[in-house]
Amino acid sequence: MPHPDTWLRVLPAGLFCEPGGFFIDPLRAVDRAVITHAHGDHARPGHAHVLASAETLAIMRARMGADRAGMAQQALGWGEALAIGGVRVWLQPAGHVLGSAQVAMEWHGSRAVISGDYKRRADPTCAPFVPVPCDVFVTEATFALPVFRHPPADAEVARLLASVALFPERTHVIGCYALGKCQRLIALLRQAGWDRPIFLHGALAGLCTLYESLGVKLGDLRPVAGTAKAQLQGAIVLAPPGAIADRWARRLADPVACLASGWMRVRQRAKSRGVELPLVISDHADWDELLATIGDVAAPEVWVTHGREDALIHVLGQRGIRGRALRLIGYGEEEDADDGEGEAPPA
Ligand SMILES: [Zn+2]
Ligand SMILES: [Zn+2]
């Protein structure tokens, strides 16, 4: 059985499946790309052929325009297999954002799975992560330090609603990125019984409409623009992180700046961004989820992308699992805080 490092190579453009002739989440435009999900650092414009979930393709078209989202697009359903140059390729949900997939590949009985970004917590806006046993698991490692343990998201939402009840004359404005976090937050608020209108910064509206058209119900959403300040007292407003402490927020009623991100575990980071109410809500696996997932897929070898690999590789070694840092440059960098959270390391 060929070891995956003989057929899966790290090239300057990204991870390349040699017998299949395709890249996974390439960092620049290529002929054939398989895309895990539509965040900007994983889904780049200008590929000739793109293979992804139908939802990811729809989000790519909405974000970059149909002409830049791949000249030829092919959608693959969950678990539906395709043979590309003798490589069996299929997608399984990654639980990160709507449409997010893991890419599973098998070549002569040797199996590798690329996680993309993932989480294991329940998310009402996307399909849950499915562990796929494999010989090599390529994992993200955004929060790969023992300090990162995300609390339950519904407990964070309960803290938010308690604050809203405590300050009924103020607007709570929550910084969250446009793809995934925003819609998950809305869905979590609805689950918690918040059925009043939720107000949106204009930059978040488009993807909410798209999510709804793809079957994710979000309830009564209204634009902040054109809403009187008095009507925003006691309201919940969602905005890109860069807007919450910005001039834009002056239109709100004595706003309470909140930010929903796994990085909010780092107090200094919340403080430096002017965040009054940090909410530790992440769409990435925390330290425990990373280790549990690596256990679930039972891979004897794990390759690590975008993150602080050292701690994870050290712990894997103690468990008899071979770890390898891929050192692919470019993931989690393009998406700044306004679009993703997997991004800059904690200050
Ligand atoms: Zn992502
Ligand atoms: Zn990422």
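1. In this predicted model, the zinc ion (ligand 1) is coordinated at 2.2 Å by His37 (NE2), His39 (ND1), His96 (NE2) and Asp117 (OD), where donors are N, O and S atoms within 2.8 Å of the metal (3.2 Å for Na, K and Ca) and sites may look incomplete, since water is not among the atoms. Along the chain these donors follow the spacing H-x1-H-x56-H-x20-D.

2. The angles among the four donor atoms of the zinc ion (ligand 1) run from 89 to 166°, and the site is irregular. Four donors count as tetrahedral if all angles lie between 85 and 135 degrees; four count as square planar, and six as octahedral, if opposite donors are over 155 degrees apart and all others between 65 and 115; anything else is irregular.

3. Asp117 bridges the zinc ion (ligand 1) and the zinc ion (ligand 2), and the two ions lie 3.9 Å apart. The pair links distant parts of the chain, with His37 in the loop between β4 (32–34) and β5 (49–52) and His96 in the loop between β8 and β9, 59 residues apart. His37 counts as buried because its relative accessibility is 0%, and His96 is likewise buried, with a relative accessible area of 0%; buried means under 20% relative accessible area, exposed over 50%, and partly exposed in between (1.4 Å probe, protein chains only).

4. Seven strands form an open sheet of mixed pairing, in the order β7-β8-β9-β10-β11-β18-β19, and its edge strands, β7 (82–84) and β19 (322–325), each pair on one side only. Two strands pair if DSSP finds at least two bridges between them, while helices (H or I, at least four residues) and strands (E, at least two) are DSSP runs numbered from the N terminus. Within this sheet, β8 (residues 87–93) and β9 (residues 101–107) run antiparallel and are joined by six bridges, with Leu91 standing opposite Val103 in β9.

5. Helix α6 (residues 287–297) packs on the sheet, touching β11 (136–141) and β18 (301–307), and its direction makes about 170° with that of β11; contact means heavy atoms within 4.5 Å, and axes are lines fitted to C-alpha atoms, for helices over the stretch in contact, with angles from 0 to 180 degrees between N-to-C directions. Glu289 lies in helix α6 and is buried, with a relative accessible area of 6%.

6. On conventions, residues are numbered from 1 along each chain as its sequence is written, and chains are lettered from A and ligands numbered from 1 in the order in which they are written. Local features need pLDDT of at least 70 and side-chain atom pairs count only at pLDDT 80 or more, whereas totals for chains, interfaces and linings use all residues; side-chain values use heavy atoms, with hydrogens and water left out.
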